[in-house]
Amino acid sequence: MNEVHRVIKHTLLNARFVFLTGIIFLVFSLHASAYSYSAMGDEPVIDGREAMLLAIENKDVSTMLAALEVFHEELDFLQSKTMGNLTVQFKSAIKQKDFVKLKSLLDLTIYLMIENRLNKAYKDLDNYQVAKVLVMKSKLYLDILFPALDRSKKVDALNAMSAILKAVGNPGVFGVGQKAANPEVFKQQQDVLFSALQQFRL
């Protein structure tokens with residue numbers, strides 16, 4: 001009888017181990033899926049910005065123009081959302097060697113990328129993975145602007161971004177921990193974030 005109990009106990013332990021391993025694998029797969037999506041393609045605006053700042057430091061006009069080419073496609077899209085042609089403004093500032101203006105334009109571009117990514121995420125709230133990745137990528141851009149914010153705006157921006165991420169919801173695992181997306185909170189906190197970042201909008 002004791003041998004039967006031992007076999008049953010061993011079988012149950014193995015079953016529990018397989019189940020837990022399956023859960024861990026599933027969770028890991030979900031995270032890996034999100035990472036794979038986020039890893040699709042580079043972030044030309046960030047790469048171009050870094051190259052531009054280095055060129056500004058060295059006062060190297062030809063490298064500034066080369067850096068501009070790195071993210072010109074993104075500028076072409078963003079300028080359709082703004083007043084004025086961003087590419088023309090960049091080239092004008094480079095030609096005039098107006099480095100203060102150039103840095104302001106770089107900050108504006110980062111702001112517009114945050115705005116664009118979050119607007120897309122809001123429209124895709126029914127697709128958790130896409131919306132979450134877009135919000136996380138927005139946070140990458142926010143981190144770039146963050147040091148220039150004063151203390152109160154830093155708090156507002158961080159709290160808003162955290163609330164936005166939560167508003168995306170969570171599919172949970174087998175329904176456990178599932179939370180529906182909250183478009184109303186997302187939009188409200190999006191407005192709070194944009195308000196905190198208004199200094200970058202020329």
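## Stop 1: a charged trio

Select Glu43, Arg117 and Lys137: a network of salt bridges links these three residues. Bear in mind as you look around that this is a predicted model.

Next, turn to Lys137. Lys137 makes a salt bridge with Glu43 too, and here the closest N and O atoms are 3.3 Å apart. Lys137 belongs to helix α7 (residues 128–145) and Glu43 to the loop between α1 and α2, so this pair ties together parts 94 residues apart in sequence.

## Stop 2: another salt bridge

Hide the trio and select Arg201 and Glu115. Their side chains meet in a salt bridge, 3.3 Å from N to O. This pair, too, links distant parts of the chain: Arg201 is in the segment after α9 (183–196) and Glu115 is in helix α6, 86 residues apart.

With the surface on, compare the two ends. Arg201 counts as partly exposed, at 31% relative accessibility, whereas Glu115 counts as buried, at 17%. In total, the model has five salt bridges.

## Stop 3: α6 against α7

Now show the cartoon and pick out α6 and α7. Their axes are 8 Å apart and they pack at an angle of about 160°. How do the two helices run relative to each other? An angle over 145 degrees counts as roughly antiparallel, and α6 and α7 are therefore roughly antiparallel. Their crossing is left-handed.

Show side chains to see who does the touching. On the α6 side, the contact includes Ile110, Met113, Ile114 and Leu118, and on the α7 side it includes Leu134, Val135, Tyr141 and Leu142. Color by residue class and the contact of α6 with α7 splits into 13 nonpolar, one polar and four charged residues.

## Stop 4: α7 against α8

The axes of α7 and α8 come within 10 Å and cross at roughly 165°. α7 and α8 are therefore roughly antiparallel to each other, and this crossing is left-handed.

For the contact, select Lys132, Val135, Met136, Ser138, Lys139 and Leu142 in α7, then Ala157, Leu158, Met161, Ile164 and Leu165 in α8. By class, these residues divide into eight nonpolar, one polar and two charged.

## Stop 5: α6 against α9

Go back to α6 and bring in α9. The axes of α6 and α9 come within 11 Å and cross at roughly 175°. α6 and α9 are therefore roughly antiparallel to each other.

Among the residues in contact are Tyr111, Ile114, Leu118 and Tyr122 of α6, with Phe186, Leu193 and Phe194 of α9. Glu115, from Stop 2, is one of the α6 residues in this contact. The contact of α6 with α9 has nine nonpolar, two polar and two charged residues.

## Stop 6: two lysines in loops

Finish with a look at the backbone. Most residues other than glycine have a negative phi. Select Lys59, in the loop between α2 and α3 (61–70). Lys59 has a positive phi, near 55°, and counts as exposed at 58% relative accessibility.

Then jump to Lys97, in the loop between α5 (86–95) and α6. Phi of Lys97 is positive and near 55°, and at 53% relative accessibility this lysine counts as exposed.

Definitions and conventions
Residues numbered from 1 in each chain as written. Predicted model: local features only at pLDDT ≥ 70, side-chain atom pairs only at ≥ 80, totals over all residues. Heavy atoms only, no water. Salt bridge = Lys/Arg side-chain N within 4 Å of Asp/Glu carboxyl O. Helix = DSSP H or I, 4+ residues; strand = E, 2+ residues; numbered from the N terminus. Buried < 20%, exposed > 50% of the residue type's maximum accessible area, 1.4 Å probe, protein only. Axes fitted to C-alpha atoms, helices over the stretch in contact; angles between N-to-C directions. Parallel < 35°, antiparallel > 145°, perpendicular 65-115°, else oblique. Left-handed = near helix turned anticlockwise from the far one by under 90°. Contact = heavy atoms within 4.5 Å. Nonpolar A, V, L, I, M, F, W, Y, C, P; charged D, E, K, R; others polar.
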